[in-house]
Amino acid sequence: MVKLNKIYTRTGDDGRTGLASGDRRPKYDLRVAAYGTVDEANSVVGLARLHTSGHAELDAMLSRIQNDCFDLGADLATPHVENPEYEALRVTDHQVDRIESDIDRLNADLEPLRSFVLPGGTAAAAHLHLARTVSRRAERIMVELSDQPGETVNPAAIRFANRLSDFFFVAARWVNDQGRADVLWVPGKNR
């Protein structure tokens, strides 16, 4: 259970922050950057949800994703250790499967793409495209972190992050009147 009585602790004033394991890392550490970027994506989802109240099914999916993003952040904030004192919260294959099902559900309503889509259309779609790009950045940081000596990242977490950006792309198209209000790229239009 999380209990926060005091928001500022001054423990980060030296440029370091604490991981869930208790280890202290520089605030620019790749692990901190990874879960911080997931948090940023989650915040963008919150903005998108301001515009999805008329789409109950999508809003429910986004609500689940916001919770899963906190799970992902907790996973990333807890480095793998042998014989841990407590069982760390990890993203699971079930969460990856569910987001794939959500992608398939929304994609079933869409016409196949015949051009790349520019971010925009409705306000919800624009925010979902922003969530897509931020989550893609989080994924890149996670993969870079997993390539560092002595660092591990849960493979299900990387798969979840990869699907997350796919979900946001499909959701942006879906909320754009099932793709009919998509803003399409016209190659060389302004030459």
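Gln-178 sits in the loop between H5 and E4, and this residue has a positive phi of about 50 degrees although it is not a glycine. Helices here are DSSP runs of H or I with at least four residues, strands are runs of E with at least two, and both are numbered from the N terminus. Asp-177 is found in the loop between H5 and strand E4 (183-184), and it too is a non-glycine residue with a positive phi, of about 55 degrees. For orientation, most residues other than glycine have a negative phi. The model is a predicted one, in which local features need pLDDT of at least 70 and side-chain atom pairs count only at pLDDT 80 or more, while totals for chains, interfaces and linings use all residues. Residues are numbered from 1 along each chain as its sequence is written, and side-chain values use heavy atoms, with hydrogens and water left out.

Asp-177 also takes part in a salt bridge, its side chain meeting that of Arg-180 at 3.1 Å, N to O. A salt bridge is counted when a side-chain nitrogen of Lys or Arg lies within 4 Å of a carboxyl oxygen of Asp or Glu. With a relative accessible area of 39%, Asp-177 is partly exposed, whereas Arg-180, at 60%, counts as exposed.

As a whole, the protein chain has five helices and four strands. Read from the N terminus, the order of its elements is β-β-α-α-α-β-α-α-β. The C-alpha atoms fill a box of roughly 50 × 40 × 30 Å along the principal axes. Of the 191 residues of the chain, 40% count as buried.

The structure holds 14 salt bridges. Side chains of opposite charge can pair when their charged atoms come close. One of these bridges joins the side chains of Arg-31 and Glu-151, at 2.8 Å from N to O. Arg-31 lies in helix H1 and Glu-151 in the loop between helix H4 (123-146) and helix H5 (155-175), so this pair ties together parts that are 120 residues apart in sequence. Both partners are on the covered side of the scale: Arg-31 counts as buried at 1% relative accessibility, and Glu-151 counts as buried at 17%.

Another salt bridge links Arg-98 with Asp-68, whose closest N and O atoms are 2.2 Å apart. Here Arg-98 belongs to helix H3 and Asp-68 to helix H2, so the pair ties together parts that are 30 residues apart in sequence. Asp-68 counts as buried, at 6% relative accessibility. Elsewhere, Glu-57, Arg-105 and Asp-109 are linked in a network of salt bridges.

Attention now turns to a pocket. The second largest pocket has a volume of about 300 Å³. On a 1 Å grid over the protein atoms alone, a pocket is an open set of points where a 1.4 Å probe fits, with protein on both sides within 12 Å along at least five of seven lines, and lining residues have an atom within 4 Å of a point. Grid points are joined across faces, edges and corners, and the volume is the space filled by probe spheres set on the points. Among the residues that line this second largest pocket are Tyr-35, Asp-39, Asn-42, Cys-69 and Phe-70. Helix H1 (30-49) and helix H2 (56-76) are the elements that give two or more residues to the lining. The largest share, five residues, comes from H1. By class, the lining has six nonpolar, four polar and one charged residues; Ala, Val, Leu, Ile, Met, Phe, Trp, Tyr, Cys and Pro count as nonpolar, Asp, Glu, Lys and Arg as charged, and the others, Gly among them, as polar.

On the surface, Phe-116, Leu-118, Val-183 and Trp-185 form a nonpolar patch with about 390 Å² of accessible area together. Patch residues have over 30% relative accessible area and no salt bridge, with nonpolar side chains (Val, Leu, Ile, Met, Phe, Trp, Tyr) joined within 5 Å and like charges within 9 Å. Accessible areas come from the Shrake-Rupley method with a 1.4 Å probe, and for residues only the protein chains shown count as cover. Phe-116 lies in the loop between helix H3 (93-107) and strand E3 (117-118), and is exposed, with a relative accessible area of 61%.

Key: Buried means under 20% relative accessible area, exposed over 50%, partly exposed in between (1.4 Å probe, protein chains only).
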